[in-house]
Amino acid sequence: MDTQAIRAQMRTLVVGHVPSNVRSFKFNIFDGEPKVSTLGFHIDPKPFEGRVIATTDEAIVVKTGRAEFAVLDRSLVTEVPDEGARVQVEPYVRRRFDGQRADTPEEHTEFTADGKPYTVQRFVLGSAPAKLPIPVPRCPELQALIQQMEAMPAPDGFRRITHLLVDAGARDFTWIDRLPKDIIATPPTIAFTVVTAKFQGRVAVQYKRGLDLYAVELHCDGELVERVDEVFFDALGETLERLIDDGSWRRIRVHCLSGRKSVRH
């Protein structure tokens with residue numbers, strides 16, 4: 001979508017949909033690119049509802065408030081509604097492995113001086129962690145792999161590697177956690193199942209101590225179908241994206257609450 005052209009057209013597109021006593025209007029563009037706050041943090045937008053007031057070959061314009069609008073990239077929406085339809089819109093948000101938004105505050109139980117428990121919600125501005133569902137290992141190399149997957153960025157720069165795994169439907173995690181003396185014979189490994197348009201099967205990330213590098217294996221029906229050796233830690237996200245990420249996470253979910261629609265595939 002040509003966002004510059006859409007910005008130039010917006011006044012014409014919304015004319016007649018802004019009250020006569022309102023001098024200006026606001027709009028947000030949803031084109032698959034991450035949103036950034038005024039403080040420079042990546043943010044995950046909330047779902048919203050509105051009415052479709054205009055469509056072009058590239059964009060769908062939704063009125064969301066008295067003088068507020070959302071512009072959706074037509075190539076990314078899951079449904080293409082007619083003008084006048086009321087819609088619910090869910091732009092992409094990073095999620096955790098339990099399905100919650102990744103920016104959900106973390107809850108911790110703490111205790112008063114007399115031993116009474118109470119719940120504390122903790123939220124770090126700009127933080128949206130997706131922690132692997134793996135207990136703290138005893139193997140330092142496996143600890144490092146977990147930390148890298150949770151902290152290292154995916155190639156899009158918005159997600160972390162673990163967000164990429166969530167979007168690929170990663171589940172059924174297993175891991176090999178050995179003492180340091182055993183890690184050459186039995187490499188520290190994290191394995192999981194994914195289902196995407198690129199690959200459906202089992203993925204294993206192994207640490208190779210001799211080279212201080214990683215290897216990524218793809219298994220389907222118990223058979224090794226691809227192996228990528230000599231993966232540096234800072235190339236792990238790029239390697240996993242190439243092997244399993246089909247890009248469908250960028251889609252904007254549009255659900256028609258009223259009016260007709262055509263479904264995109």
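A nonpolar core is a set of buried Ala, Val, Leu, Ile, Met, Phe, Trp, Tyr and Cys residues joined through side-chain atoms within 4.5 Å, where buried means under 20% relative accessible area, exposed means over 50%, and partly exposed covers what lies in between, for a 1.4 Å probe and protein chains only. The structure shown above is a predicted model, in which local features need pLDDT of at least 70 and side-chain atom pairs count only at pLDDT 80 or more, while totals for chains, interfaces and linings use all residues. Residues are numbered from 1 along each chain as its sequence is written, and side-chain values use heavy atoms, with hydrogens and water left out.

The protein chain has 4 helices and 17 strands; helices (H or I, at least four residues) and strands (E, at least two) are DSSP runs, numbered from the N terminus. Its C-alpha trace spans about 75 × 60 × 30 Å along the principal axes, and 38% of its 265 residues count as buried. If contact is taken as heavy atoms within 4.5 Å, then 57% of the contacts with a separation of 6 or more in the protein chain are between residues 24 or more positions apart.

In soluble globular proteins, nonpolar side chains tend to be buried together. Here the largest nonpolar core has 31 residues, of which Ile190, Phe192 and Ile244 touch the most other members. The elements that give two or more residues to this core are helices H2 (140-151), H3 (161-167) and H4 (236-244), together with strands E12 (189-195), E13 (200-208), E14 (213-220) and E15 (223-231). Apart from this core lies another, of 16 residues, among them Phe30, Ala70, Ile252 and Cys256.

Which residues of helix H4 are buried? They are Leu236, Gly237, Thr239, Leu240, Leu243 and Ile244, and because they cover an arc of only 160 degrees around the axis, they lie on the same side of H4; the arc is that of the directions from the helix axis to the C-beta atoms. What covers these buried residues includes H2, H3, E12, E13, E14 and E15. Ile244, leaving aside its neighbours within four places in sequence, is in contact with Leu164, Leu165, Ala168, Val194, Thr196, Lys198, Phe199, Val203 and Leu218.

The structure holds 11 salt bridges, a salt bridge being a side-chain nitrogen of Lys or Arg within 4 Å of a carboxyl oxygen of Asp or Glu. One of them joins Arg242 to Glu226, with the closest N and O atoms 3.8 Å apart; since Arg242 lies in helix H4 and Glu226 in strand E15, the pair ties together parts that are 16 residues apart in sequence. Arg242 is partly exposed at 46% relative accessibility, and Glu226 is also partly exposed, at 32%. Salt bridges that share partners join Asp156, Arg159, Asp167 and Asp245 into one network. Within it, Arg159 and Asp167 have their closest N and O atoms 2.8 Å apart; Arg159 counts as buried at 0% relative accessibility, whereas Asp167 is partly exposed, with a relative accessible area of 25%. Arg101 forms a salt bridge with Asp103, with 3.0 Å between the closest N and O atoms, and here Arg101 counts as buried at 15% relative accessibility, as does Asp103 at 18%.
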